[in-house]
Amino acid sequence: MTASPDRLFVVVSGPPASGKSTLAPALAAALDLPLLAKDTIKDALMSALGVADLDDSRRLGSASVDVLYAVAADLSGAVLEAPFYRSRARPRLHGLAAPIVEVFCRCDRETLRRRYEERSRARPRAAGHFDESRRPHELWNDEIAVPVAGGWPVIEVDTTGPADVAAVADQVRRAATPDVLPDKTH
């Protein structure tokens, strides 16, 4: 049985500044799947509700991930992009009604820090993200610095430089097509 492109969730995971929000839209287009991105949802919630402080930002971040899962549950497939926290993400992702392939964005810690600082200076996100108030242990901890790895295929992509989106899409398609095992009952 093969997973058709519209019956597949592609989870683009990794820590902040690892390249998720660059790779995910291109991958969604290459796979002809809708994109659900946590920060798009969070920006809309911040615009509607406002954000007073870092704790508000964290609550809206968690709510954004809840919205992402709720919308995904009504779809048969999509590219989901967020810094997924392993312990919380595994059961939620297992609840989706389609096969999963995880694409984990990996680069070294120094590159992550440099990108995060450059992003904060050069093109700051909405003030409600409070990027300048986040500490390294919050940004790059073991919950998000490794793949969620919930028993589905995991494709690790070196995002130190530009990723080959077509090659990653091909890897996702191959990973979503399980091998047909011979029937051993005969």
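Buried means under 20% relative accessible area, exposed over 50%, and partly exposed in between, with a 1.4 Å probe and protein chains only. The model is predicted, so local features need pLDDT of at least 70 and side-chain atom pairs count only at pLDDT 80 or more, while totals for chains, interfaces and linings use all residues. Residues are numbered from 1 along each chain as its sequence is written, and side-chain values use heavy atoms, with hydrogens and water left out.

**Exercise 1. Helix α2**

Work out which residues of α2 are buried and where they sit around the helix axis.

Step one is to locate the helix, where helices (H or I, at least four residues) and strands (E, at least two) are DSSP runs numbered from the N terminus. Helix α2 covers residues 38–49, and its 12 residues reach 16 Å from the first C-alpha to the last, close to the 16 Å expected at 1.5 Å a residue; the expected span is 1.5 Å times one less than the number of residues.

Step two is to list the buried residues of α2, which are K38, I41, K42 and M46. Seen down the axis of α2, these buried residues fall within an arc of 135 degrees, so they line one face of the helix; the arc is that of the directions from the helix axis to the C-beta atoms.

Step three is to look at the surroundings of both faces. The cover over the buried residues of α2 includes β2 (35–37), α3 (54–73) and β3 (78–81), with contact meaning heavy atoms within 4.5 Å. The face turned away from the buried side carries the exposed residues T40, S47 and A48. Just after α2, G50 takes a positive phi of about 80 degrees.

**Exercise 2. Salt bridges**

Step one is the rule: a salt bridge is a side-chain nitrogen of Lys or Arg within 4 Å of a carboxyl oxygen of Asp or Glu. By this rule the count comes to six salt bridges.

D39 is partly exposed at 25% relative accessible area, whereas K38 is buried at 12%.

Because D66 lies in helix α3 and R92 in helix α4, the pair ties together parts that are 26 residues apart in sequence.

**Exercise 3. The aromatic pair**

Decide how the rings of Y69 and F84 are arranged.

Step one is the rule: rings of Phe, Tyr and Trp (its six-membered ring) pair if their centres lie within 6.5 Å, and planes under 30 degrees apart count as stacked, over 60 as edge-to-face and the rest as tilted.

Step two applies the rule to the whole structure, where a search finds one aromatic pair. The ring centres of Y69 and F84 are 6.3 Å apart and the planes stand at 50 degrees, so the pair is tilted. Y69 lies in helix α3 and F84 in the loop between β3 and α4 (86–94), so the pair ties together parts that are 15 residues apart in sequence.
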